[in-house]
Amino acid sequence: MSRRISEILELIKIVDSKFSDNTTLQKMTSVRIEATKDIAIQNNIAKETARDKYRRQLAPDIIGTEEFDDYLYAWFTERQNDLFEILVKHAVDKTDIEIIEEYFESKRETEYIEWPEGKELVKYKETFLLRIVRDTKLSRKIKNLYDYKCQVCDLALKLKNSIYAEGAHIRPLARPHNGPDIVENILCLCPNHHVLFDGGGFGINDDFSLLGIDGKLYVHNNHPIDIQYLKYHRNFHEL
Ligand SMILES: [Zn+2]
């Protein structure tokens, strides 16, 4: 385990505990500066040393405290994954990855809401929350298997520095569905097809032909989709 990762996580947790809905970026920065001092004292190191852990040691992905704060703010307010991805990239061993995942996944789970909860359309703020996609270890595994290409349309979203796809649970994890987080229940989809699928815009037959839209789900040889979940999805949406 690296001191750098554990100290950065410690810092993130402190700032997180003081973050609320109306915290501005500026306010968060001052909290972060205070937290840096606290961590320096706790670990008996200079304040500059503590700050350097995220100011210089995350280069070239993050350069400077301002950029670090931007990523931190994007994580707190929009649950953007960049900070998580960057920390994972800088992990030196399995323990590092475990402690990073433990923190980020615990936060995601408490705020995760899956559509549809009943079948009514939801208010704007709620729809925003719905788009927080739970990115579990297994959904990353499935996305890697498909090189982040959508199993319906073959599209991978190329962002400036990364590539984006979503792990879609066929039988949703949330109540009342209580689907399992296993590869047999996960698809790799682009955001459009994920929304369509979750909202019953299309279904998937047992032979992987699509129901409601043209085409067929592409399935990799190493991806054992369990058709009972496809059936559950079709029944739930009355497809
Ligand atoms: Zn797609």
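Two residues are in contact here if their C-beta atoms, placed from the backbone, lie within 7 Å. Keep that rule in mind as you explore this predicted model, in which local features need pLDDT of at least 70, side-chain atom pairs count only at pLDDT 80 or more, and totals for chains, interfaces and linings use all residues. Residues are numbered from 1 along each chain as its sequence is written. The protein chain has 10 helices and 6 strands; helices (H or I, at least four residues) and strands (E, at least two) are DSSP runs, numbered from the N terminus.

**The whole chain**

- Of the 239 residues in the protein chain, 25% are buried. A residue is buried if 20 or more other C-beta atoms lie within 10 Å of its own, exposed if 12 or fewer, and partly exposed in between, with the C-beta atoms placed from the backbone.
- Take the contacts in the protein chain with a separation of 6 or more: 57% of them are between residues 24 or more positions apart.

**How the helices pack**

- Two packed helices are described by the angle between their axes and the distance between the axes. Axes are lines fitted to C-alpha atoms, for helices over the stretch in contact, and angles run from 0 to 180 degrees between N-to-C directions.
- Start with helix H1 (residues 3–17) and helix H2, which pack at about 135° with their axes 9 Å apart. H1 and H2 are therefore oblique to each other; angles under 35 degrees count as roughly parallel, over 145 as roughly antiparallel, 65 to 115 as roughly perpendicular and the rest as oblique.
- H1 and H2 cross in a right-handed way. A crossing is left-handed if the near helix is turned anticlockwise from the far one by less than a right angle, and right-handed if clockwise.
- On the H1 side, the contact is made by Glu7, Glu10, Leu11, Ile14 and Val15, and on the H2 side by Met28, Val31, Arg32, Ala35, Thr36, Asp38 and Ile39. These residues divide into 7 nonpolar, 1 polar and 4 charged. Here Ala, Val, Leu, Ile, Met, Phe, Trp, Tyr, Cys and Pro count as nonpolar, Asp, Glu, Lys and Arg as charged, and the others, Gly among them, as polar.
- Next, look at H2 (residues 25–42) against helix H4 (residues 65–78): their axes lie 10 Å apart, at an angle of about 115°. That makes H2 roughly perpendicular to H4.
- H2 passes H4 in a right-handed crossing. Leu25, Met28, Thr29 and Arg32 of H2 meet Asp69, Leu72 and Tyr73 of H4, and by class this contact has 4 nonpolar, 1 polar and 2 charged residues.
- H4 also packs with helix H5 (residues 82–89), where the axes come within 8 Å and cross at roughly 125°. That makes H4 oblique to H5.
- From H4, the residues Tyr71, Leu72, Ala74 and Trp75 meet Asp82, Leu83 and Ile86 from H5. This contact has 6 nonpolar residues, no polar ones and 1 charged.

**Strands**

- In a regular strand the side chains alternate between the two faces of the sheet.
- Strand E4 (residues 186–189) is covered on both faces, with Ile186 and Cys188 buried on one side and Leu187 and Leu189 buried on the other.
- E4 runs antiparallel to strand E3 (residues 166–169), and 4 bridges join them. Two strands pair if DSSP finds at least two bridges between them. Glycine 167 has cysteine 188 in E4 as its bridge partner.
- Isoleucine 204 sits in strand E5 (residues 203–204) and is buried, with 26 other C-beta atoms within 10 Å.
- Beyond its neighbours within four places in sequence, isoleucine 204 is in contact with Leu210, Leu211, Leu217 and Leu230. The C-alpha atoms of isoleucine 204 and leucine 217 are 7.5 Å apart, while the two residues are 13 apart along the chain.

**Backbone details to look for**

- Most residues other than glycine have a negative phi, and most peptide bonds are trans.
- The peptide bond from alanine 59 to proline 60 is cis, with omega near 5°. Proline 60 lies in the loop between helix H3 (47–55) and H4.
- Aspartate 147 is not a glycine, yet has a positive phi of about 50°. Aspartate 147 lies in the loop between helix H8 (137–145) and strand E1 (157–158), and counts as exposed with 11 C-beta neighbours inside 10 Å.
- Tyrosine 148, found in the loop between H8 and E1, has a positive phi of about 65° although it is not a glycine. Tyrosine 148 counts as buried, with 20 C-beta neighbours inside 10 Å.
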